Structures are given as structure tokens and as C-alpha cells.
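Visitor: Could you walk me through this protein, one question at a time?
Guide: Happy to! Let's look at it together.

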Amino acid sequence: MTLTAPDCMQPSSPPDISPRNDLPSADMPALDPPPVATDLFLGIDVGGTNVKVGLVDGSGVLHAKASTATPPLKTPDRVFRYAIDFAIRTMRHWDRPIDDLMAVGLAVPGVLDTREFQLREVVNLPGWLGQPLRDILVDTCQRPAMVVNDANAAAYAEHSLRKLGDQSLALVTLGTGIGAGVVTAGRPHGGDHGCAGEVGHIAIEFGDMALPCTCGSRGHLESYAGAAGVIARLRASMPEDYQTNSDQIDRDQISRDLYAGQPWTPRSIAMAAADGDALCLQIIDQTGDYVGRAIGMLGQTLDPAVVLLGGAMTFGGDQTSTGRGFLERIRRSVTDTTLVQVGGNIQVEFASLGNDAGTLGAAMVAKNLT
Ligand SMILES: [Zn+2]
């Protein structure tokens, strides 16, 4: 194997990457094996709940994947050990030499210092804060390694899928929180403080009447267009005797939830809107306006070729007329709030990759090392 990565990414101790028996065993591959003599890259996507791993070829095709619960593994070295064991077992199963594994990429949540490759802030990964993640990864896997924020990894996977070359892309994730992964000039962009793409905390309303945000400030996108913000706006607009006209949802349940002080969900709002509920449609349209404003600011700053929308709160996405209407509303809001050269040229679409995006993106970032 020829390694061309900088010295600092090279292993510092002799190879010892035989599988161990004290870690959960990764499943055998269920996807198509890679063609013979194809370079392979290991992607690791670590969250507070699950660790996802995958073997990806140089063109971005995922050939095997597995996952396991994060809490029993606890420490970075045990997580990385699980990942390299998965790669070894899978490549043996394919009768491929381990030397075909060229590099390893790691995607992590939280605020990542992209110079030291240490997490400066993270929720749900106790013990990971301040650890030299890339060094541990190199020592454990005996391969060149790179660490990237998970949102940026997902954005990079979408960028690779679209073969955007040196163009820029942002992947905005809508859900309980709102964030974005950013790829600028063909490379994931973490920012000097690890906070690039924090679009949920872009201010879209100002003054004392602006809604408070979970971060302590006011008027941020997340307080209007995060899941809790959407539900809060619906409840604030709803007359006390409001009854939805939706046939698809359980009116009694919604009435009970409403009067018990329990929130609706973005999903039930989308279902009611699909049945023509005017109030829910209005709330979704407003959400599109807010998201579009923030994307407009992002567009005016970065001027990216593509902005994608992902996450759990796309109101059905491409699969439903409600989701497609939401996307149209966002596009209109972007063009209404930007220069024509910006808003008229940005492609705003739904994202294509689902849960595998972080693993794929981590592997594709690793590919850049070779
Ligand atoms: Zn905020």
C-alpha cells in the first residue's frame, strides 16, 4: 500500500489490527462486494446513541455497513476498535487483503476544533471532550485518518453524490434543532471556532417581541422553525374551540393532546395540511418563509451552488404535495430576500441520502487523504 498523506497522519506504532473478542461483533455485509482491487475507505459516524460504520469505495458506493449502541463502547479507542474489526472481518469475508483499506474517516457531533481534531463541546458523548481523536484513530486503525463534524460529513456525502467538484453546498437539517453542514470550494468547512453552519441561530426577527431561543438569545431561526417553534406558533394561532378538518388524524387524540397541554407534532401538522386544514397549511407556509430567509442569508454570504433540506421535519418532502409546497415556499422566500444573481441561481432541493450520509461523508473525507 502506498500512503501519501502527511506524516502527522501516519501511524506511530507497529500495526496491530487483528480483531478482538471483547467488542460487539459487526454484522457481515449485506450489500454488494466491491470489485477486485478497488481502494476502500472506512467511514465511522458516532452519535450519542449509535455508532455507524461503513466500507465505501472511491466513487462513494457503500459496500457494507453495520451499527451498534454507543454507550457500551464508551471511549473513542473502543469505538474505533469496533470499526476496524468490522472492516477486517468484512474484507476477510470478501477475501480481500486489509491493505486495500486506504484510510479512515470519523464523523462526530458537537463543536470540533479542526486544527487539533478535538471536541470542544459535545452532548451525550461523555469522555470524548478534549481527546486527540485523530491521533487515537490513527493509532487504533493504523491508517491515515481524518475527523469531521457530522453535519459537514453528511453535506460532503451529498456533495460527492452530485459530483459538484470545487463547487459549494450547504445541507440544512430541520428537526428539533436546525443546523447545516457546509462544503465550500469542494471541501467540508468547519469554521475557525467549529461553528460554521449554525443556521438555527441566525436571527430572523429582532426586538423585544422576538421569540426567545434555547441558546439564550432571541429571534433565532430555531425558535420559529425548529419543531418546538412550529408547534408553539400553531398553538398560539389556534382558537380555543379549534377543530381540525383532517380525516387522516385522530381528532379526539389531538383535542385531548391540545387541551392537556400536549403539543402537536410536525407530522400531524403535515397530515392535517394534506387534508386541507387551512391553519396547518398557513403554519407550514410561514415555516417555509422563515427557513427561506435564513437560507437567503446563507446564500448571500456563501453563494453556494446547491442548498439541500434534510432532517425529520420536511413535512413529507418530495413524497407529498405538502412537502413540495413547503419547498416551493422556501425557494420563493430565498429569491425574495437575495440578489437575483444569488437567489436566481441557487438550487434548493431536498437531500437524497438518509441515515448513511454521515458514514459515507466520513469515508469520502478520508479518501481525500490518499
Ligand atoms: Zn439561538
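Visitor: At what angle do helix 3 and helix 11 pack?
Guide: In this predicted model, helix 3 covers residues 150–161 and helix 11 covers residues 357–367. Their axes are 7 Å apart. The angle between them is about 80°.

Visitor: Is helix 3 roughly parallel or roughly perpendicular to helix 11?
Guide: The two helices pack at about 80°. Angles from 65 to 115 degrees count as roughly perpendicular. Therefore helix 3 is, relative to helix 11, roughly perpendicular.

Visitor: How do the residues of that contact divide into nonpolar, polar and charged?
Guide: On the helix 3 side, the residues include Ala153, Tyr156 and Glu158. They meet residues of helix 11, among them Leu360, Gly361 and Met364. The residues of this contact divide into ten nonpolar, three polar and two charged.

Visitor: Which strands are the edge strands of the open sheet of five strands?
Guide: The strand order in this sheet is 10-9-8-11-12, and the pairing is mixed. An edge strand pairs on one side only. That describes strand 10 (187–188) and strand 12 (347–350).

Visitor: Which residue in strand 10 is the bridge partner of Val183?
Guide: Strand 9 (residues 178–184) runs antiparallel to strand 10, and two bridges join them. In strand 10, the partner of Val183 is Pro188.

Visitor: Which strands does helix 9 lie across?
Guide: Helix 9 spans residues 321–336 and runs at about 160° to strand 12. The strands it lies across are strand 11 and strand 12.

Key: Residues numbered from 1 in each chain as written. Predicted model: local features only at pLDDT ≥ 70, side-chain atom pairs only at ≥ 80, totals over all residues. Axes fitted to C-alpha atoms, helices over the stretch in contact; angles between N-to-C directions. Helix = DSSP H or I, 4+ residues; strand = E, 2+ residues; numbered from the N terminus. Parallel < 35°, antiparallel > 145°, perpendicular 65-115°, else oblique. Contact = placed C-beta atoms within 7 Å. Nonpolar A, V, L, I, M, F, W, Y, C, P; charged D, E, K, R; others polar. Pairing = 2+ DSSP bridges.
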